[in-house]
Amino acid sequence: MKKHIGFFLLLFISSIVNGQIKIGDQASISGSVQSDILFPEEDQKIGAGKPEHSVLTNTYLNLNFNSKYVSAGTRFEFLEYPLPGFEPDFKGWGLPYFFITGKYKNVELTAGDIYDQFGSGFILRTYEERSLGIDNSLRGGRLKVSPYKGIHLKVLGGKQRRYWEHNDSFVWGADAEFNFDQWIKKLEKNNFYWSLGTSFVSKHEKEEVVSFYDDEYNWYKRLNFPENVGAWDIRTQIQKGNVNVLLEYALKANDPSTDNYYIYKKGNASMLSASYSKKGMSALVQAKRIDNMSFRSKRTMTGNSSFINHLPAFTQQHTYALAAIYPYATQFQGEWAFQGEFSYTFPRKTALGGKYGTTIRVNASHVRSIDKDYENISGFNPKDHSTYYLLRGTNGYKSSFFKMGDELYYQDINFDIDKKLTSDLKINFMYMNQRFNPLILQHAEDIITSNIFVLEGKYQLNKKFTFRTELQYLSASDYTGQAGEEPLERSNQGDWMFGLLEVSFAPSFMLSVSDTYNSGITKEHYYMFSGVYNYKSHRIQLAYGRTRAGYDCSGGVCRFVPASKGFRIGYNYNF
């Protein structure tokens, strides 16, 4: 019963609080409640085994105090019986997050748990992403100072959260950003904005000696690890009129870890992003190179835990169900990534625009390996991962900056057409050609090539009633499978079909029914019935059905979600 006290406390608080609480004229208390609940059921056909618990939930309560000079906050988490796919260490409940911030003029000081990001996150990004089970906040302090207009300085340090504990290593860093257009009036008058930023981050991890053996205990090596590992970042951004250009480079000292097979090679990351936009048109081109840039506060960790940095994916994050079946995960150990996008709206009353205008968008991304020239190590074969233990204690490999590797990781070419046919009817058509290498998500298969077609229609009957439907089809390349392999364990399960019907009753109700059908290998239906009700700041969702096994990704970070079936309740409240 003790384990459930926090959960019931959350529900009690959310039921009695109604709106922001004012404290005088300059202070207030606000917050939010999020609770996702699953009543799981066994379904062996889709790989959902017998549940260990009758109720699973991820529940959060945020409370924040805000005033002119002081702000503070805390978060209560009840994860004693977490939803499927979260690591065993995710289990627990308590108050893992709190902070207090004092502000006076151009100085801000924070003590407690800190979320922050330097530049694009190449060397530091602490953040929370609940859908992936990520919370890598730093518990310590941060000082922000703006001594002069256009100059912003930050210094921070602390120990990083790892589930319900904090790693022993200490992480600290400093960041400086200069906005020249705020000093040079001529730049601003000419619509020219220029900023320059630089950062440094270091982790101090206790020196240790680790011994390694091969699988038969006949090969032995001892390694001495560096106590301090530093990383540097420099970036500049220029905006002139409709053009925006960002250039960034990061360098990391040698950091032997589980991720890189304990090699002593330095790491680096570089990025170029340029965009152009005006009314009715936009364009984007991006290029990124990563080489040995895994940066964790605990070198022996794996999975999504203890990352100090974050490397964004240069691939489109799809929202359509079948387009997201094969998502891409950023390869910290090395990748060349390119992305381009162009969007244009044909004006109304033109040949291609028609009565209401037409919008087209084309997006393409291509990710592949970097070239690696490995050291001449006896017995080592870069194509045989069982020999990678031989790299331990060496410099690993050399890599020419502009030379690309032979291995394709991911490619996505897609376009969509958004067209309003009448004042009440709007359609969207999307086609995507995708090539996906399952090795990046730990599966040994051939590259999966898929062609995906999506047709979405929305019809507004009147101001209150709206109908929306989706029809999707995925045609995948043939794969015969490996001997003894179960269909549910395969990445390539052949062709898929998806259908959805949604009815909205503004402003409060929405009902939907959907089915994801594997027409290729398993012949299984993944049906889902859902209803949503909104009342003021409250949102409650009820659903029942099946969820297929697969990867949930955000920003190039992925989490495997096993198949499940059952009744779901989702509750959100902001006050």
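Tutor: What follows is a close look at the salt bridges and their surroundings. The model is predicted, so local features need pLDDT of at least 70 and side-chain atom pairs count only at pLDDT 80 or more, while totals for chains, interfaces and linings use all residues. Residues are numbered from 1 along each chain as its sequence is written, and side-chain values use heavy atoms, with hydrogens and water left out.

Across the whole structure a search finds 32 salt bridges (a side-chain nitrogen of Lys or Arg within 4 Å of a carboxyl oxygen of Asp or Glu). One of them pairs Asp-43 with Arg-546, whose closest N and O atoms are 2.7 Å apart. Because Asp-43 sits in the loop between strand 2 (27-40) and strand 3 (56-66) whereas Arg-546 belongs to strand 33, this pair ties together parts that are 503 residues apart in sequence (strands are DSSP runs of E, at least two residues, numbered from the N terminus). Asp-43 and Arg-546 are both buried (under 20% relative accessible area, with exposed over 50% and partly exposed in between, for a 1.4 Å probe and protein chains only).

Arg-546 also forms a salt bridge with Glu-524, the closest N and O atoms being 3.1 Å apart. Glu-524 lies in the loop between strand 31 (509-518) and strand 32, so here the parts tied together are 22 residues apart in sequence. Glu-524, like Arg-546, is buried.

Elsewhere, salt bridges that share partners join Arg-75, Glu-77, Glu-128, Arg-130, Asp-135 and Arg-161 into one network.

A further pair is Asp-113 and Arg-139, with closest N and O atoms 3.0 Å apart. Asp-113 is in strand 6 (residues 107-114) and Arg-139 in strand 11 (residues 138-145), so the bridge ties together parts that are 26 residues apart in sequence. Asp-113 is buried, at a relative accessible area of 2%, whereas Arg-139 is partly exposed, at 30%.

To return to strand 33, which carries Arg-546: Ile-540 lies in strand 33 too, and Ile-540 is partly exposed, with a relative accessible area of 32%. Together with Phe-39, Val-55, Phe-509, Tyr-533, Tyr-535, Leu-542 and Phe-567, Ile-540 makes a nonpolar surface patch of about 660 Å² (nonpolar side chains joined within 5 Å, from residues with over 30% relative accessible area and no salt bridge). Strand 32 (525-535) and strand 33 (538-547) each supply at least two residues of this patch.

Note on methods: Patch = residues over 30% accessible without salt bridge, like charges linked within 9 Å, V, L, I, M, F, W, Y side chains within 5 Å. Areas by Shrake-Rupley, 256 points an atom, 1.4 Å probe, with all protein chains shown as cover. Helix = DSSP H or I, 4+ residues; strand = E, 2+ residues; numbered from the N terminus.
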